[in-house]
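Visitor: I would like to learn how to read a helix and a loop in a model. Can we go through some cases?

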Amino acid sequence: MSAMLHTSQEVKLAFYRSDHFASLQMFQLPQEQEKFTALPIEMLAVVTEGQYRIVIEHDSEAVGFFMLHATERVKQYSNNPHAMLLTALSIDHAQQGRGFAKQGMKKLSAFVKEHFSSCNEIVLAVNHRNAAAQQLYLNVGFKDSGRRKEGPLGEQWIMSYSLHD
């Protein structure tokens, strides 16, 4: 039991720093996951204003990665002008199965409130065939908005997490 408590203390979210680069470029994903997301190395090069690279750290090591967007793209997923879009969540294959995605997503609300105080909703799109990701998001408090979007691999469910207290 104490080991699990210890583990959750060590997982935190951080803005991408150059010292994360080496770990992130080594990330690997199983083929069935890679089709649903992007590797961090693909995302590091394409940052524009309003896009934020977030690292899930465990013991100061980069074990996960995702992007938060406060750009025009958010409007494809929400009418809320204060929403942010989460994309490209991945956990390095070697680190999977240890709860890092869930722990990282549980820290998302506090992280967003601290760094993006005007944001009151996080939205994301998850492929209808990606049951593992759907379950993860539901488990950490995202709700199916009922909205659907056509993606490159078929229907995507738009999920939403409200940051209202």
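This is a predicted model: local features need pLDDT of at least 70, side-chain atom pairs count only at pLDDT 80 or more; totals for chains, interfaces and linings use all residues.

Visitor: Which residues of helix 7 are buried?

Guide: In helix 7, residues 131–139, the buried ones are A133, Q134, L136 and Y137.

Visitor: Where do these buried residues of helix 7 fall, seen down the axis?

Guide: The general idea comes before the case. An α-helix has 3.6 residues a turn, so residues three or four places apart point the same way. In helix 7 the buried residues lie within an arc of 160° seen down the axis, so they line one face of the helix.

Visitor: Which residue just after helix 7 takes a positive phi?

Guide: That is G141, with a phi of about 110°.

Visitor: What is the phi of D59, which is not a glycine?

Guide: D59 has a positive phi, about 50°. The residue sits in the loop between strand 2 (51–58) and strand 3 (61–69). S60 is found in that loop between strand 2 and strand 3 as well, and S60, also not a glycine, has a positive phi of about 65°.

Visitor: Is S60 buried or exposed?

Guide: The cut-off for exposed is over 50% relative accessible area. S60 has 56%, so S60 is exposed.

Visitor: And how does D59 count, by relative accessibility?

Guide: D59 is at 48% and therefore counts as partly exposed.

Key. Residues are numbered from 1 along each chain as its sequence is written. Side-chain values use heavy atoms; hydrogens and water are left out. Buried means under 20% relative accessible area, exposed over 50%, partly exposed in between (1.4 Å probe, protein chains only). Helices (H or I, at least four residues) and strands (E, at least two) are DSSP runs, numbered from the N terminus. The arc is that of the directions from the helix axis to the C-beta atoms.
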